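Morning, everyone. Please bring up the sequence and the model on your screens.

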Amino acid sequence: MAGEERMEEVQRWTAKRRVALVLSVLMGETAVAEAARKHGLTVAEIEQWRDRFLLGAENALRARPKDDEALHEEEIKRLQRKIGELTMDLDIVKEANKLRPSMPGTSQD
């Protein structure tokens with residue numbers, strides 16, 4: 001199987017394995033897309049692990065660490081902001097599509 005890229009099977013993604021993968025990404029040893037392909041994960045999964053890792057690390061270094069509920073609320077707010085950004089992006093794409101001339105035989109909604 002020389003030259004062939006094969007997917008590494010991991011039976012269970014324990015916290016230690018996730019940390020090792022996230023650290024590898026953060027240290028620039030592997031790209032997110034490469035890690036996702038290699039391990040049969042999605043880019044979004046790895047990015048979520050990275051974001052949660054960084055949030056936890058930041059909290060661990062605070063003079064007064066936040067409790068789990070406060071971290072959960074912060075994560076909800078971050079995700080709500082992301083949803084807002086993606087909604088705005090989608091609206092922009094829809095408006096741009098309205099301005100594009102349509103090709104015969106296609107419909108514009």
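Let's start with Asp-68, which lies in helix H4. Asp-68 is exposed, at a relative accessible area of 66%. Here, buried means under 20% relative accessible area, exposed over 50%, and partly exposed in between, with a 1.4 Å probe and protein chains only.

A word on the source. This is a predicted model: local features need pLDDT of at least 70, side-chain atom pairs count only at pLDDT 80 or more, and totals for chains, interfaces and linings use all residues. Residues are numbered from 1 along each chain as its sequence is written, and side-chain values use heavy atoms, with hydrogens and water left out.

Now the whole chain. It has four helices and zero strands. Helices are DSSP runs of H or I with at least four residues, strands are runs of E with at least two, and numbering goes from the N terminus. Of the 109 residues, 16% count as buried.

Back to helix H4, residues 68–99. Asn-97 is partly exposed, with a relative accessible area of 35%. What joins the side chains of Asn-97 and Arg-100? A polar contact of 3.2 Å. That term means a pair of N or O atoms within 3.5 Å; within protein, one must be able to donate a hydrogen and the other to accept it, and residues adjacent in sequence count only if both atoms are side-chain atoms.

Last, helix H1, residues 15–26. Arg-18 is found in helix H1. Arg-18 counts as partly exposed, at 32% relative accessibility.
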